[in-house]
Amino acid sequence: WSPAAVAAFVRMLAAGEGGTRALEAASALGLLPALLPAWRDLAGRPQRDPYHRFPVDAHLAAAAAEAARLLRSPGDPLVAEAVEAIGDAGPLLLGALLHDCGKVGRGSHVTAGPEVARGMLERMGVGGAERDDILFLVAEHLLLSETATRRDLADEDLVLRVAARVRDRRRLSMLYLLTLADAAATGPSAASAVRTALVRELVVRVGRALEAGRMDPGRAERLVRAEAALREALDAAGVPPDEARTFLDEAPASYKGWVVPAEAPIHVRLVHPPPGPAEVRVAVRAPAGGTASLTIAARDRAGLLSLVAGALTVSGLSIVRARAFTTERGVALDHFAVRGQFEEEIGEARWERFRAALNDALAGRIDLAERVRALRVHSPRPRPGIPVSVRVDGGASDYHTVVEVGAPDRPGLLFDLARAFAAQAIDVHVANVATYGPRVVDVFYVSDAEGGKVADPDRLAALERALLEAAAP
């Protein structure tokens, strides 16, 4: 393979159906297997999936021809945008030809594909950025189609996870064109109008996230590193690979950027299998003389955060920090850093008191609001001079309304704020609670009961009034 030979090969692929016929002839005459010995493992290999209409090698040639057709005649405006964005078409055409090269009978073709493709590209003398683009396409060729057809496209974290794996608009465009070409080469079921529309919607959402800078290259790199560290920690703890993959797929991006990898195995055991409708799972780490760590998993429901916060308060535990997350399956994973209100070290009796209070609150056997009010009578007054503020930002997220509350610290503050959200029928998806001495700054990512942003001005005004009242000293 010389550079001129590679360029000629790419021109052949760009010819579309004529290139496919030339490719088939080169394969039949033994020229292609001589130039790329790994092609022998693909030639005539039957597909496992019945919706594939061609053997592996013919499917790859058809996908390359479909990619060439899209480059010549985009038709749809979004496809035309993608064609314009990719620049050099060589990586797309070679990626289309090699995307299923992992189907050589050695386990998952998605896992084996990059290794096989790397060997073929090395033989061709293709390296540098071009090689990296092709390997990206081989490794991620199912990302858009599987995500679009199996996941909730209204989930911001899902969109951000895809954006992190794609990293930039050019690669998103290449992957979109390959996804369309792959589907057309597979058969009518894979290229149905419904599937194509879902992929298109996902591409639009991911493109918006990239353009708005919500997943810039630096953040993408940090998220990739965080996922790798979490995967390593889960593997070291003996978490089965499929279970670890499911957990990482369903966990919000904000969770991955926050959690200490060593704690992730504990969280997997809390959320998998998902808790039952009335089940609450609790994990406690209480180092001697330090701030205790409490993690709770339960089916997400209106007012859950307020019940947990209230149960902590009436059990004599002060919340120093809190993070609340919701997995893709609707499991709430709430983490609290707490200290004892009356002792430096929290004994087991205190934790038992908390568990009992939480269970009683969930079952409706106690009135947490009344108990928090009674406790507050005997607590020091909040420091004067610290203002209460509520700031609502509707543009910080495509999917959630962001609400920031600043207030003087006091026992039960998070309970009061979370109860105000629940009373306004507002769901809290992410909560970041931080205490700075006598002042607290809490940030909540919220949505309405239908899962959309809270946009109605009257409703936002009512929410702001409710939070100001709840946070007032």
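Visitor: What percentage of the 473 residues in the protein do buried residues make up?

Guide: Buried residues make up 50% of the 473 residues. Buried means under 20% relative accessible area, exposed means over 50%, and partly exposed is in between, using a 1.4 Å probe and protein chains only. Before we go on: this is a predicted model, where local features need pLDDT of at least 70, side-chain atom pairs count only at pLDDT 80 or more, and totals for chains, interfaces and linings use all residues. Residues are numbered from 1 along each chain as its sequence is written, and side-chain values use heavy atoms, with hydrogens and water left out.

Visitor: What are the overall numbers for the protein: helices, strands and span?

Guide: There are 21 helices and 8 strands. Helices are DSSP runs of H or I with at least four residues, strands are runs of E with at least two, and both are numbered from the N terminus. The C-alpha trace spans about 90 × 50 × 35 Å along its principal axes.

Visitor: Why are α9 and α12 called roughly perpendicular?

Guide: Helix α9 (residues 143-150) and helix α12 (residues 193-211) pack at about 105°, with axes 8 Å apart. The axes are lines fitted to C-alpha atoms, for helices over the stretch in contact, and angles run from 0 to 180 degrees between N-to-C directions. Under 35 degrees counts as roughly parallel, over 145 as roughly antiparallel, 65 to 115 as roughly perpendicular, and the rest as oblique. So α9 and α12 are roughly perpendicular to each other.

Visitor: Which residues make the contact between α9 and α12?

Guide: From α9 you have Leu-144, Ser-145, Thr-147, Ala-148 and Thr-149, and from α12 there are Arg-195, Leu-198, Val-199, Leu-202 and Val-203. Contact here means heavy atoms within 4.5 Å. By class, that makes 6 nonpolar, 3 polar and 1 charged residues. Nonpolar covers Ala, Val, Leu, Ile, Met, Phe, Trp, Tyr, Cys and Pro; charged covers Asp, Glu, Lys and Arg; the others, Gly among them, are polar.

Visitor: What makes a set of residues a nonpolar core?

Guide: A nonpolar core is a set of buried Ala, Val, Leu, Ile, Met, Phe, Trp, Tyr and Cys residues joined through side-chain atoms within 4.5 Å. In this protein the largest has 71 residues, of which Leu-97, Leu-98, Leu-144 and Tyr-176 touch the most other members. Helix α11 (residues 169-186) gives the largest share, 8 residues. Apart from this core lies another, of 53 residues, among them Ala-322, Val-372, Ala-431 and Val-440.

Visitor: How do you know that Leu-121 is buried?

Guide: Its relative accessibility is 0%, so Leu-121 counts as buried. Leu-121 lies in helix α7 (residues 109-124). Leaving aside neighbours within four places in sequence, Leu-121 is in contact with Leu-98, Val-126, Arg-131, Ile-134 and Leu-135. The C-alpha atoms of Leu-121 and Ile-134 are separated by 8.9 Å.

Visitor: Is Glu-263 buried or exposed?

Guide: Glu-263 comes out at 12% relative accessibility, so it counts as buried. Glu-263 lies in the loop between α15 (253-258) and α16 (264-271). Beyond its neighbours within four places in sequence, Glu-263 is in contact with Arg-285, Ser-293 and His-335.

Visitor: Why is Arg-167 called partly exposed?

Guide: Arg-167 has a relative accessible area of 28%, so the label is partly exposed. Arg-167 sits in the loop between α10 and α11. Its phi is positive, about 80°, although Arg-167 is not a glycine.

Visitor: What makes Ala-425 partly exposed?

Guide: The value is 39% relative accessibility, so Ala-425 counts as partly exposed. Ala-425 is in the loop between α20 (413-423) and β7 (427-436), and its phi is near 60°, a positive value in a residue other than glycine.

Visitor: Which residues does a cis peptide bond join?

Guide: His-272 and Pro-273, with omega about -10°. Pro-273 is in the loop between α16 and β1 (280-285). For background, most residues other than glycine have a negative phi, and most peptide bonds are trans.
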